[in-house]
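Here are a few notes to get you started with this one. Have the structure open while you read.

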Amino acid sequence: MTTSTNQFQKPITANINTKGNIEIGSCDLVDLADEFGTPLYIIDEKTVRSICNDYKKAFEKYPKTNIMYASKALCTSAISALLNDEGIGFDTVSSGEIYTVYKAGVNMQKVLFNGNNKSFDELNLAIDLGVGRISVDNFYELALLNTIAQSKNKTVDILLRITPGIECHTHEYIQTGHLDSKFGFDLSQIDEAVELILNEYTNLKLHGLHAHIGSQIFETSIYADEIDILCKEIARLDEKFNLKLDEINIGGGLGVKYTDQDVPPSTYEIGELIINKLNNSIKKYNIDEPTLFLEPGRSIISMAGATIYTIGSSKQVPKGRKYVSIDGGMADNPRPSLYQAQYYAQIANKKETQETEKVTIGGRYCESGDILINEIELPILNEGDILCVYNTGAYNYSMSSNYNRVSKPAMVLVNDGRAEIIVKRETLDDIVRNDIIPDRLAAK
Ligand SMILES: *Cc1c(COP(=O)(O)O)cnc(C)c1O
């Protein structure tokens, strides 16, 4: 019973059922709340598969394309297994993510390890588990990785992460490709890195260049500029070092539509633009067709996710706002308090009333900044109503915490009327699991 004409993205199976409730994956959200409790993360399998399919189709005309899902958006064993089933590879940024995809049965050749401060232990694990590529970020890591590879008598396949010096208009915290970013080699440092790899670090084999400009990007021209720079560098390195690099990784960052102010390009538009630009640059710089890697995170998983909450207390500030509180907030979705991110929501249970009011959805955490949605027009809310917040698949669970010692919610995968738990709700015993009381302080 939507009362707003807002345009926003929701799972492709989201519907109003005969009871008047919202359903996703043919599962009534009110039934899911009853069965599994709230807050509850919901992932719609059909949406995930359909987006993977869009990506594959959008890049069909450039067969040397590999989609590497950026695990940091949402990394669980079942999500890894699902994307693996779709033939997608994985971009990982920690031993935890590497281990998760490994345990999910992913072919480790299809895994890339990325990050600006990978530890000795993490690089060790990546080599031992046979990760396909390591994207080396800096001089320190080049030396460290070569030492580890040497000690194992192995050659490690690498990319160089570079900073192409492109500004994108996204939130400052999620820009990464501008010149004074903490990530990657500056363009002026590439030659020195390549010389080291060719002459000293003989246990490293360089295959190509990697860049990632930022996140929640809407401007397609950024990708065109980035491709041009990467191809130009490949041609230049060939000329200078007689070095044949045949891989370019253009990172992720494609935006999604959280609210009607967000206008991301479609996967097909971005696919066409990238392929055209790449073909132009190949001609322009006279290089061989490189293998193309993309690392979408948010744009693969965000729209498939929704979170349901139960409405509790409310408060009308005299002559001020009306606050309505939910049983979750900044610990299960830190993005609004971290980036002023905006979300759209609807009431999941049948609402006869057509009367609406403007409310601010407050979280349950002890911070004034814990506001999930600032001013949204919704049917009059009562305690016990179920609120469904859309587009929460990416950077919600993966950024969640136990702030206020609140257990993390469960996650269910829904499809064709079936809801399967893929992450268990934490129990109170989980909350104290890692705590230790020194004997001398134990209650007598
Ligand atoms: C975060 C990140 C991504 C994914 O970004 P999205 O905005 O989720 O698509 C891809 N590559 C790298 C290197 C990243 O750091």
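Predicted model: local features only at pLDDT ≥ 70, side-chain atom pairs only at ≥ 80, totals over all residues.

1. Start with helix α2 (residues 45-58) and helix α3 (residues 77-85), whose axes come within 10 Å and cross at roughly 40°. That angle is why α2 counts as oblique to α3. The crossing is right-handed. On the α2 side, the contact is made by Glu-45, Val-48, Arg-49 and Cys-52, and α3 brings in Leu-82, Leu-83 and Asp-85. Sorted by type, the residues of this α2 and α3 contact come out as four nonpolar, three charged and no polar.

2. Next, have a look at helix α5 (residues 120-128) and helix α6 (residues 139-151). Their axes also come within 10 Å, crossing at roughly 50°, so α5 is oblique to α6. Here too α5 and α6 make a right-handed crossing. From α5, Phe-120, Leu-123, Asn-124 and Ile-127 take part in the contact, and they meet Glu-141, Leu-144, Leu-145, Ile-148 and Ala-149 of α6. This α5 and α6 contact has seven nonpolar residues, one polar and one charged.

3. Now for the ligand. Which of the 14 residues around the ligand come nearest? They are Lys-72, Ser-215, Glu-295, Arg-298 and Tyr-395.

4. Some ligand distances are worth checking on screen. Lys-72 has a polar side-chain atom 2.7 Å from an oxygen atom of the ligand. For Arg-298, a backbone N or O atom lies 2.7 Å from a ligand oxygen atom. Gly-297 also has a backbone N or O atom there, 2.9 Å from an oxygen atom of the ligand.

Technical notes. Residues numbered from 1 in each chain as written. Heavy atoms only, no water. Axes fitted to C-alpha atoms, helices over the stretch in contact; angles between N-to-C directions. Helix = DSSP H or I, 4+ residues; strand = E, 2+ residues; numbered from the N terminus. Parallel < 35°, antiparallel > 145°, perpendicular 65-115°, else oblique. Left-handed = near helix turned anticlockwise from the far one by under 90°. Contact = heavy atoms within 4.5 Å. Nonpolar A, V, L, I, M, F, W, Y, C, P; charged D, E, K, R; others polar. Near = heavy atom within 4 Å. Polar contact = N/O pair within 3.5 Å; in protein donor to acceptor, adjacent residues only side chain to side chain.
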